[in-house]
Amino acid sequence: MKYDQAKTPLIEAIERHHEMDPISFHVPGHKNGLFIDEKDKQFFYKSDLTELSGLDDLHDPHEAIREAELLLSDLYGSRKSYFLVNGSTAGNIAAILASCSPGDTVLVQRNCHKSVLNGMKLARAVPVIIETEWDEEGKVPTGVTTESIRETLKAFPDAKACVLTYPTYYGMTYDVEAVITELHHHGVICIIDEAHGPHFLLGEPFPASALALGADIVIQSAHKMLPAMTMGSYLHIGTRRVNERKITEYLSILQSSSPSYPIMASLDYARSYVGTMTERDITKNLAEIDGFVQALTSIHDGLSVKRTNDPLKLLLTMKGKTGYELQQQLEKQGIFCELADPYYVLLILPLMKEHISFPYKEAAERIYEALKDEEVPEQAGNGDKIERKNLLHYTALALTHAEMEDREEKWIPLTEAEGEISARMITPYPPGIPLLIPGERISGDTIVRLKQYLKNNANIQGDHRLDENLVCVYR
Ligand SMILES: Cc1ncc(COP(=O)(O)O)c(C=O)c1O
C-alpha cells in the first residue's frame with residue numbers, strides 16, 4: 001500500500017474546524033447541532049437503521065414514513081409531499097424529468113442551481129434561459145419579471161414547463177404569484193426551486209411560499225434553513241397539472257435504494273420543529289435579529305449591513321474590501337459565513353425557538369475583533385464593478401444537447417472567445433449561478449464578468465483551464 005491506511009483526513013479536518021469554536025452563519029440550519037439536545041443527538045446515531053419491520057420503506061411508504069409525509073403535506077398544504085434524502089438536487093431533476101419529454105422547451109432562470117441544468121440535460125429538454133434581474137445597485141441577483149416571461153412565451157409559445165428559483169440564494173424574492181399566473185395562462189407547468197425557503201410557510205414577515213401561491217411543484221432544502229441534516233429536502237406537489245406517478249418513479253430512480261434513516265428522521269424532526277413554531281418564537285427571532293443588526297452597524301464605520309427579503313439572510317459589506325477578503329478576516333475569528341462574492345458575505349441566521357439561544361452577542365464581539373484595526377480608505381469601492389448589461393429577456397442556446405454530443409471541442413484564449421459557443425458550464429461557486437452554459441454563445445459582457453471573478457480568486461467550478469486563461473468551445 002502506498003499510503004498510511006490509519007489516516008482519517010476528513011475526520012481530522014472536521015475536528016480541527018471544531019477546535020476553532022466556530023460560530024455558524026451558514027447551512028445546515030441546525031447550526032452545528034445547537035438545536036438538537038444531547039438525547040436527540042444520541043438518537044440520530046441509533047436511528048441509522050434500514051427497512052426493518054415497522055420502519056417502512058421510503059420508496060413504497062405505508063407506515064411511519066407515509067404518516068410522516070402526510071404530516072408534511074398537511075403542514076405545507078400540498079396535494080402530496082415527499083421526503084428527499086439526496087437533497088433538492090434530486091428533487092429538481094425528478095421534477096423536470098416528470099414534467100417534460102425529449103425536445104420540449106423548458107424555461108429556466110439564469111440564476112438557477114446547476115441541478116436544474118443537469119436535469120434539462122438528462123431530460124433532453126431544450127432550455128431557454130430567462131435572464132435575471134439585479135437589485136438597484138446591480139450587485140445581488142433577484143428574480144425574473146412577468147414581462148420577461150411574457151416575452152419569452154411569445155417567442156416559445158409551446159414551452160412545456162418553467163423552473164424558477166424563489167427565493168434566491170441571497171434571500172431575494174419577486175412577484176412570483178404574477179409569474180405563476182402568467183405561466184398557467186399559457187398552460188406551462190411551474191416548478192419552483194424553493195431550496196432556500198422551507199420556512200416561508202411561517203407567514204409574515206417571511207415572504208409567502210410559492211406553494212401557497214399556486215406553483216405546481218415546489219422543492220425545498222430542509223437542511224438549509226430548518227434543523228434537518230445535510231441532504232434532507234422536501235418535494236411538494238401543489239396541483240393536478242403534475243403527473244404524480246412519474247414524480248414517484250423518478251425519485252425512486254434518482255435516490256439511493258438505502259435511504260438514510262438519520263436524514264429521514266431529521267426531516268421528520270424539522271417538519272415538527274417548524275410546524276410547532278409560535279408567534280412568540282417568531283417575535284423572539286425578529287427581536288434578536290434586530291439587536292444583531294444594530295450591533296453590527298455600530299462595529300465599524302466601513303461595515304454595512306444589507307437586509308434581504310428573507311429576515312434570516314443578511315449581507316455584510318466592508319468599504320475597501322471584497323466580500324472574499326471580508327470572509328477571510330471573519331474566519332480568523334471563527335465566524336463562518338455561507339458565501340462570499342466580490343461585494344458581500346452572506347450570513348444565514350438561525351430559525352430559533354424561544355428556549356434556544358444563539359451566540360449573537362459573541363458573534364458581534366468577534367466581528368468587532370476581526371475588523372477593529374481596519375482603516376476606512378478615503379475613496380473606497382467594494383471590489384471592481386461587475387458589468388451587467390441586461391438588455392435581453394431570454395437567451396436561447398445555440399446548440400441542442402444532441403448537437404453538442406456530436407461536436408468536437410477546442411481550447412481557446414478567453415480574450416478570443418467572444419461569439420464562440422461554450423462547451424463547458426462555468427459556475428463561480430458560491431453562489432453557484434452558471435455564468436456560461438454548454439451550448440451558449442459567449443458574449444463580451446460574460447467575458448468581462450468572468451475576468452472579474454478570476455481577479456477576485458473566486459472558486460470556479462467545472463472542468464476548465466481558466467488558470468491558463470483558456471475556455472473550451474465547440475468547433
Ligand atoms: C437554489 C438552489 N437550489 C438547489 C440547490 C441544491 O440543493 P441540495 O444541496 O439540497 O441538493 C441549491 C444548493 O445550494 C441551491 O442553492
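Author: Let us begin with a definition: helices are DSSP runs of at least four residues, numbered from the N terminus. The model before us is predicted. Helix H4 (residues 87-99) gives three residues to the shell around the ligand, the most of any contributor.

Reader: How many residues surround the ligand, and which are the closest?

Author: The ligand is surrounded by 13 residues. Gly-87, Ser-88, Thr-89, His-113 and Ala-195 are the closest. By class, 10 residues of this shell are polar, two are nonpolar and one is charged.

Reader: In what order do the strands of the open sheet lie?

Author: Two strands pair if DSSP finds at least two bridges between them. Here eight strands form an open sheet with mixed pairing, in the order S2-S8-S7-S6-S5-S3-S4-S14. Strand S2 (80-84) and strand S14 (394-396) are at the edges with a single partner strand each, so one side of each has no neighbour in the sheet. From one strand to the next, the twist averages 20°.

Reader: How many bridges join strand S5 to strand S6?

Author: Strand S5 (residues 161-165) and strand S6 (residues 189-193) run parallel and are joined by five bridges. Ala-161, for instance, has Ile-189 in S6 as its bridge partner.

Reader: Which helix lies across strands S3, S4, S5 and S6?

Author: Helix H5 (residues 114-123) does, running at about 170° to S3.

Reader: Which residues touch the most other members of the largest nonpolar core?

Author: Of its 94 residues, these are Phe-83, Ile-96, Val-106, Cys-162, Val-163 and Ile-191. Helix H10 (residues 261-275) gives the most to this core, namely nine residues.

Conventions: Residues are numbered from 1 along each chain as its sequence is written. This is a predicted model: local features need pLDDT of at least 70, side-chain atom pairs count only at pLDDT 80 or more; totals for chains, interfaces and linings use all residues. A nonpolar core is a set of buried Ala, Val, Leu, Ile, Met, Phe, Trp, Tyr and Cys residues joined through C-beta atoms within 7 Å. A residue is buried if 20 or more other C-beta atoms lie within 10 Å of its own, exposed if 12 or fewer, and partly exposed in between; C-beta atoms are placed from the backbone. Helices (H or I, at least four residues) and strands (E, at least two) are DSSP runs, numbered from the N terminus. A residue is near a molecule or strand if its C-beta atom, placed from the backbone, lies within 6 Å of it. Ala, Val, Leu, Ile, Met, Phe, Trp, Tyr, Cys and Pro count as nonpolar, Asp, Glu, Lys and Arg as charged, and the others, Gly among them, as polar. Axes are lines fitted to C-alpha atoms, for helices over the stretch in contact, and angles run from 0 to 180 degrees between N-to-C directions. Two residues are in contact if their C-beta atoms, placed from the backbone, lie within 7 Å.
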